[in-house]
Amino acid sequence: MTRLQDLHHPSAGTTLMSEWLTGTAERSRAAVDALLHEWAAAQAPSGRLAQHVFLSLDGTGLFFYAQWTSDDDHLAWARARRTEVVSRVDALVPGIERPGLIRTRLVRSVVHDEKRPAGLFAVRTVAAGDVETATAPAPGLLAAHLHAAPDGERTIVVTEWADVASQEAATGGDAAVKRYTHAHSLFDDQTGRRP
């Protein structure tokens with residue numbers, strides 16, 4: 001299984017996170033397939049280092065974790081090409097909801113176990129001062145990656161867990177936590193790195 005620590009790109013100046021709400025597992029898979037087709041058919045955008053797609057545990061949505069050299073590089077691509085790419089996906093899977101993009105910076109990672117495979121990735125937003133509870137050791141917690149939001153008041157925490165059961169036991173089924181499995185990664189940095 002893929003580990004987020006293996007997906008981190010040292011040249012990333014910004015990490016972009018977003019959700020696509022599809023409604024069903026079938027529509028989520030169709031959206032991933034359509035997007036992979038778009039990525040394969042197009043020249044890699046200048047400044048995009050890597051793009052990772054995660055499937056929500058219940059199948060009703062996708063989580064995107066993209067690393068770019070800078071916000072300016074991403075914005076230049078978004079102005080020139082994003083509408084074209086998204087409209088072709090929407091033609092195949094109409095009605096996808098996109099709550100918005102969050103621009104973040106990876107602040108630090110706390111790795112408790114670097115060897116065990118991750119069976120689950122969980123994403124939650126906490127107040128900037130509450131990160132210690134999000135990174136505290138717990139049975140099955142492999143790592144926590146802290147990303148600062150632009151407002152300076154929020155931290156988006158992406159955690160890696162050994163399995164669903166350990167995450168549920170540690171968080172008590174907190175509804176604010178969104179849970180995902182890794183679906184696909186694409187690296188544009190020409191280093192040949194693959195998860």
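In which hand, right or left, does α2 pass α3?

## How two helices meet

In this predicted model, α2 passes α3 in a right-handed crossing. Helix α2 covers residues 25–41 and helix α3 covers residues 71–92, and their axes, which come within 9 Å of each other, cross at roughly 145 degrees.

On the side of α2, the contact is made by Ala-31, Ala-34, Leu-35 and Glu-38, while α3 contributes Val-85, Arg-88, Val-89 and Leu-92. Sorted by class, this contact of α2 with α3 has six nonpolar residues and two charged ones, with no polar residues.

## The largest pocket

The largest pocket holds about 470 Å³ of space. It is lined by 26 residues, and those closest to its centre are Trp-20, Gln-51, His-74, Trp-77 and Arg-82. By class, the lining of the largest pocket has 15 nonpolar residues, together with five polar and six charged ones.

Several elements give two or more residues to this lining, namely the strands β1 (14–21), β2 (48–56) and β3 (61–68) and the helices α2 and α3. The largest share comes from α3, which supplies seven residues to the lining of the largest pocket, and this is the helix that α2 also passes in the crossing described above.

## The second largest pocket

In the second largest pocket there is about 220 Å³ of space. Its lining is made up of 14 residues, of which Glu-19, Ile-102, Val-123, Thr-125 and Lys-178 are the closest to the centre.

Here the elements that give two or more residues to the lining are β1, β5 (120–127) and β8 (178–187). By class, the lining of the second largest pocket has eight nonpolar, three polar and three charged residues.

## The two ends of helix α5

Helix α5 spans residues 164–171, and at its start a side-chain oxygen of Asp-163 reaches to within 3.4 Å of the backbone nitrogen of Ala-165. Just after α5, at the other end, Gly-172 takes a positive phi of about 65 degrees.

Definitions and conventions: Residues numbered from 1 in each chain as written. Predicted model: local features only at pLDDT ≥ 70, side-chain atom pairs only at ≥ 80, totals over all residues. Heavy atoms only, no water. Axes fitted to C-alpha atoms, helices over the stretch in contact; angles between N-to-C directions. Helix = DSSP H or I, 4+ residues; strand = E, 2+ residues; numbered from the N terminus. Left-handed = near helix turned anticlockwise from the far one by under 90°. Contact = heavy atoms within 4.5 Å. Nonpolar A, V, L, I, M, F, W, Y, C, P; charged D, E, K, R; others polar. 1 Å grid on protein atoms, 1.4 Å probe; cavity = no way out; pocket = protein on both sides within 12 Å on 5 of 7 lines; lining within 4 Å. Points joined across faces, edges and corners; volume = space filled by probe spheres on them. Polar contact = N/O pair within 3.5 Å; in protein donor to acceptor, adjacent residues only side chain to side chain.
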